[in-house]
Each structure stands twice: as structure tokens, then as C-alpha cells.
Amino acid sequence: MLKDYSFDQTAVQTFDDHVALALKTEDLQVYYGNNHAMHDANLAFPKNQITALIGASGSGKSTYLRSLNRMNDTIATVTGKIWYHGVDINQPDVNIYEIRRHIGMVFQRPNPFAKSIRENIIYALRATGIKDKKVLNQRVEQSLKGAALWDEVKDTLDKSALALSGGQQQRLCIARSIAMEPDVLLLDEPCSALDPISTVKVEETLLELQKKYTIIIVTHNMQQAARISSQCAFFHLGHVMEYAPTATMFSTPKIQVTQDYVSGSFG
Amino acid sequence: MEQTSSGFKQEDTQPKDWAQQLHHATRATREDWFGRGISYLCIGVIILVVASMLWFITSKGIATFTHNHVNVGQFLTGTNWAPDQGKTGALPMIIGSFAVTFAAAIVATPFAVGTAIFMTEIAPKRGRKVLQPVIELLVGIPSVVYGFIGLAVVVPFMRHLVGGSGFGIISATFVLFVMVLPTITTMTVDSLRAVPRFYKEASLALGATRWQTVSRVILRAATPGILTAIIFGMARAFGEALAVQMVIGNAAIMPKNLISPASTLTSQLTTGIGDTIDGTLPNNALWSLALILLLMSLFFNALVRIIAKRGQLSHER
């Protein structure tokens, strides 16, 4: 049985004005029909850092993440504000395609298209109107290098992406996202379908990528959150319970529910 | 004994004959035999029926060539069809069949794919609730009804529009278009729904628009299924007899244009089969037309299988 934790007691950090933020949500609510899946999420994400969203299954962390680049548009009702470069992007008149080009997303299950490795990357670039072969090839190389996949696939760029291993496919999906040169990269449990060695590779890639991008990652794996993230938010039953620097969160959590979750005596 | 130590309580103190116990038939094994027997019987009957039909049509169909000594090449390329006078050029009907089939498929495919995209991507709820039953209803309407509507509406319309009798390939194409549209649409809908959701998500998350996602990812992934749908539609058009016969005019002459009476393999069969005597050349020649139809449907089937196999390869992970 799950203990009844009070949702009144939360500990969510805020940032001073001099901290550069990439993204910020204000009173974000998500409803699936009548189901209130996310309550009052007030989180801010500092630039060029990795922020981990942790919590049990059904705690709303994926729901929250998918709201950030409006991937929930057709499935859920999202209210509240999402600030990005001073614009509230949770407005109906905002161009969602433009948003998604700046806020990329990588999914839980590696989902390359049934096309070649090269085609997977240039698909979205072509969709934005880039036709110059030189530019396309350059972006392919850059993004594959960025995702630490280049050395493994540089000779097989025209082979099917489905022939790659799961870990390689996931790094291809990351490469595909960063080829769009986004600001923010959202990752929804990117390693849950991968073996430990592939996981390490993806994590190393992310640590490298935070120099250029702001990364928000949902993970089930607390060790992973501890290894790679600077900030960490703990979600519980659709509420953000605690948000703090990762080291603080894992050593001295401020509230009981976080304490129980990170120490493994949850529920 | 071994089995007592594993916690079983043994009621029988006599040592059991385990070899006998584990080999003899029980109700369970007899049920298996019974079930297997029934399914073998059913499949056996079906194989027998299909095989004898194939043999029957083939043996009758080749009698024209073996018994009446008609040259196969002349049969397939001759343009003069009057079997009662010994003239058996089937090319007009072959051309007629292919013309109406391809024309109907070419006209129907854009409409079918468009409808299917609307039903799956643009208005999935209305698609499932309203359009799906309507289209399934269209599949079930008997072909004589389509033919009758064609005769009452399409033929007079064509007569008004372009003159002549109104009978011809274009009228047949129109009727077949309406008949194959639901077939192609429902199968295209199925193949679009079978495209994994993550393809769509991946594309949208990269900032591709809905239209780009549909045209470059979803339709691309569904292509084998859509081709299969078109071939099924063509098979239906190729084999349709009654509705075509009612609007095409049934003149066994080389079609010179789309608006003068022509005929197809099927329409010639249905018109002619009652007027011939078994075993004579006119009768055998009609069987040869039936053989061509059979070979074509086998060809369509083979094509579907090849495409399905190709499609599987491209989705393999």
C-alpha cells in the first residue's frame, strides 16, 4: 500500500534572476478527459544543464515532459504557462512546428524510420526546406559525431537504420534531434530499452551534449539521475514534490516522500 | 519411491506400471485426435474442390487448342471474335478487360487514399463511427444493383454528354470505379492504421508538419498495404461480370475509343454461355476465356504475396 503523503508539503526550488533559464512552466495542469494527471507544475530549467525528472510510474513525469513541446496537443488538455524566450508557448496561436524544431524530443523506445541512417537524419532537415546536399551531409556528420555514433556508422550511412542495435538506434534518434540544432532536448526514459553498456554510451553522449543544449530527461533509474543530472525534480501522483540540485536531493531530501523514494523505502 | 518424497500422497500401495500409465490414451489425447481429424477432413474437401475446379477449367479451356486445333497465339492476338464461324480472336475482350480494370483503379485510387487519410488521420472519430459503416455497406451492395444504376443513370448521362449509345468502356469504368472504391478504401484504412504510432510521433517531434508526416512517413510506410489494396480492387474489377455487362454494350470488336460498345472477358462469358452447345468450338472458346480469367486472378494473388513479403522486409527491426 502506498502511504498517504500530503501534497501540501512540497519543496520546489526557484532560481535567482541572474541564472539563465531555457524553459519555465507556471501552474501547468494536464487533464486526460476528467483525469487530472498533472497539478500545478512550477519548474524552471537552467540553460546548459541536465535536469532529471524522477518518480514512480504514473507520477506524471512523461505527461509533463510531453507537454513541453506540445506533443500532448491531441491527447490531453494542457493549461498554464510555458515560458520559452519570454513567450508563452502554450497558446493556440503559437506555431507548434516551430516549437518542436527548437525543443527536440527523444522517446523511450528507439523509433528510427524504416529508412537509411542518412535519410533518418535529413528527413526533418528536408522538411524545413534545406536542399543543399553539402549542408545536409555536413549536418549528418556533425549530428552523428555529436551523438557519438559517427565512428560506428560512417561507412554504412546508406544502410537501413533498423539494422542497428538498440543503443545505436537510440543514439541515432538523438542525432536526428540535434541535427535540427534545437535549444532544448527532451528525453523520455531514453535508456529503459537499452542494455547497461549502451546506457553508459548514451549517458556519456548526454554529458557531452549539455555544453550545447539544455537537457531534460525523464528516468526511472535513480542512479542514472545521480550520475548525469545537475538538477532533479521528484514527481509523485501528478504533483511535483521536490525540486533541488541533484546532490542535495539525494543526500538531504527536504520532505519525507522524497526521502522514502530515494532511499528505496517508498510505499 | 521417488514420487512420495516429492510430497505426493500415494493412494495406491501397489507399485504402478509407469510405462503403461504414461503411454495409454486418455480423453485429452482422444480429443486432440478428433479435432485434428475434423480439420484435416475440412481442408481435404476444400483442396479437392479447388483442385477439381482448376482441373475442370483448365481441361475445358485448353480443348480449344488441343481439340479444335486453334493456335494459341492467334487466340490471344486475333481481333475477330465469331466462334460460330470459327473465328476466335480474343484480343478485343482481353483489351476490354484490362482497359476497364486499369482505368477504374487509376480513377479510384486517389479518391480511396484521400478518403482513407481523412478517416485515419484527419477525423479518426468520425471516420470510425460514420464513414467506416457507410463504406462497408457499399462493399455489400450486390453488383446487379450497381449495374442497374449504371444502366439507368450513367449510360444515359454519357449518351447526353458525348453522344452515341452511351454504352462503352467509360461507362463500365465509372461503374467499376464506384464498385472498387470501397474495397481499396477499407484496405488502405487498415494499412494506414497498421503504421506504428511511433513513426508519427517521431516525425512530429522533429517539427515536421502534419502533412509532411502523412505524405512522407505514414503513406511511405503503408505503401505495400496500399498497393495490395489496389491490386485487390483490380482483381475485383477484372472479375466483375454482371455490372460491366449491363453498361459496356457487349460488342466483341476492338475498342477504338472509350465511348463505343466494347466487351470484356467476363461480359462475353455471361452473354455467350447460354447460347452454345457443350463440346463445340463456340463453347470451348468461352472456356478458354474463363481460363484466361483464372490465370489472371492467380497472377493478382501472386502479386499480392510478393508485395506483402517485400513489405515485411522493410519493417523488420
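**Two loops in chain A**

Select A:Ala148, which sits in the loop between helix H4 (133–146) and helix H5 (150–153) of chain A. Helices (H or I, at least four residues) and strands (E, at least two) are DSSP runs, numbered from the N terminus. The model is predicted: local features need pLDDT of at least 70, side-chain atom pairs count only at pLDDT 80 or more, and totals for chains, interfaces and linings use all residues. Residues are numbered from 1 along each chain as its sequence is written, while chains are lettered from A and ligands numbered from 1 in the order in which they are written.

The phi of A:Ala148 is near 55°, a positive value in a residue other than glycine. Most residues other than glycine have a negative phi. A residue is buried if 20 or more other C-beta atoms lie within 10 Å of its own, exposed if 12 or fewer, and partly exposed in between, with C-beta atoms placed from the backbone.

Next select A:Glu189, in the loop between strand E9 (184–188) and helix H7 (196–209) of chain A. A:Glu189 is not a glycine, yet has a positive phi of about 45°. A:Glu189 is buried, with 21 other C-beta atoms within 10 Å.

**Chain A as a whole**

Colour chain A by secondary structure: there are 10 helices and 12 strands. The radius of gyration of chain A, taken over C-alpha atoms, is 19 Å, close to the 18 Å that the globule rule gives for 267 residues, so chain A is as compact as a globular protein of that length. The globule rule is 2.2 Å times the number of residues to the power 0.38. Along its principal axes the C-alpha trace of chain A spans about 55 × 45 × 40 Å. Of the 267 residues of chain A, 46% count as buried.

**Chain B**

Select 18–61 and then 74–315 of chain B, which are domain 1 and domain 2; the bounds come from an automatic or database domain assignment. The centres of these two domains, taken over C-alpha atoms, are 36 Å apart.

Now select 217–238 of chain B, one of the spans that UniProt (unreviewed entry) lists as "transmembrane region". UniProt positions are given in the numbering used here, feature names are shortened, and annotations may be inferred rather than shown by experiment. Residues 217–238 of chain B are 100% helix and 0% strand, with end C-alpha atoms 32 Å apart. Residues 134–155 of chain B, also in that record, are 91% helix and 0% strand, and their end C-alpha atoms lie 25 Å apart.

Which residues have the most contacts inside the largest nonpolar core? They are B:Val175, B:Leu176, B:Val180 and B:Val247, in a core of 128 residues. A nonpolar core is a set of buried Ala, Val, Leu, Ile, Met, Phe, Trp, Tyr and Cys residues joined through C-beta atoms within 7 Å. Select B:Val247: leaving aside neighbours within four places in sequence, its contacts include B:Gly147, B:Leu151, B:Phe167 and B:Val175. Two residues are in contact if their C-beta atoms, placed from the backbone, lie within 7 Å.

**Where the chains touch**

Show both chains: the contact takes 20 residues from chain A and 18 residues from chain B. On chain A, the elements giving two or more residues to this side are helix H2 (96–102), strand E8 (103–106), helix H3 (117–127) and helix H6 (166–178).
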